[in-house]
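Please look over the model shown here.

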Amino acid sequence: MKRVTGNRIVDLSFDFALQVIAFSERLESERKYAIANQLLRCGTSIGANVSEAQNSESKIDFIHKLKIAAKEAEETKYWLLLCKCADSYPFEESLLVQIHEIQKLLTSIITTSKKTVEINNKDK
């Protein structure tokens with residue numbers, strides 16, 4: 001299911017979370033409970049923080065929420081790489097490709113938002 005809100009990071013992180021849920025269920029079916037749980041938590045947290053950022057109280061709060069999402073994305077990448085490198089674990093390359101795309105977009109949004117805050121602070 002593709003979610004289309006017109007906001008690329010919201011859509012990407014939501015769709016990614018759905019795929020992480022499915023992959024975590026696959027891990028659980030193969031009795032890989034610990035990593036399934038870790039991956040489920042951080043992989044879905046990205047979208048939750050991105051969603052929360054959409055109603056932030058300020059630009060600084062917006063940046064903070066997206067930084068949390070970026071941290072969760074880094075942790076998600078870690079668990080996916082463990083799955084990739086562990087012989088007895090399933091792995092889906094598409095998840096790693098998507099997390100890289102999400103990370104690039106988050107970095108871009110955070111960088112641009114920081115510049116906006118700096119410019120606005122200089123104008124005061």
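## Rings, cysteines and a helix residue

The count of aromatic pairs in this predicted model comes to 1. Tyr-78 and Trp-79 form an edge-to-face pair, because their ring centres are 5.1 Å apart and their planes stand at 75°. The rule takes rings of Phe, Tyr and Trp (its six-membered ring) with centres within 6.5 Å; planes under 30 degrees apart are stacked, over 60 edge-to-face, the rest tilted.

Lys-32 has its charged end over the ring of Tyr-89, 4.7 Å from the centre. That calls for NZ of Lys or CZ of Arg within 6 Å of the ring centre and within 35 degrees of the ring normal.

The count of disulfides is 0. Cys-42 is in none; the nearest cysteine sulfur, that of Cys-83, is 10 Å away. For Cys-83 the closest cysteine sulfur is in Cys-85, at 9.7 Å, too far for a bond. A disulfide needs two cysteine sulfur atoms within 2.5 Å.

Leu-66 belongs to helix H3, residues 59–85. Helices (H or I, at least four residues) are DSSP runs, numbered from the N terminus. Beyond neighbours within four places in sequence, Leu-66 contacts Val-50, Ala-53, Leu-106, Ile-109 and Ile-110. Contact means heavy atoms within 4.5 Å.

Next comes accessibility. Buried means under 20% relative accessible area, exposed over 50%, partly exposed in between (1.4 Å probe, protein chains only).

| Residue | Relative accessibility | Class |
|---|---|---|
| Tyr-78 | 47% | partly exposed |
| Trp-79 | 16% | buried |
| Leu-66 | 1% | buried |
| Cys-42 | 2% | buried |
| Cys-83 | 1% | buried |

Residues are numbered from 1 along each chain as its sequence is written, and side-chain values use heavy atoms, without hydrogens or water. In this predicted model, local features need pLDDT of at least 70 and side-chain atom pairs 80 or more, while totals for chains, interfaces and linings use all residues.

Terms used
Helices (H or I, at least four residues) and strands (E, at least two) are DSSP runs, numbered from the N terminus.
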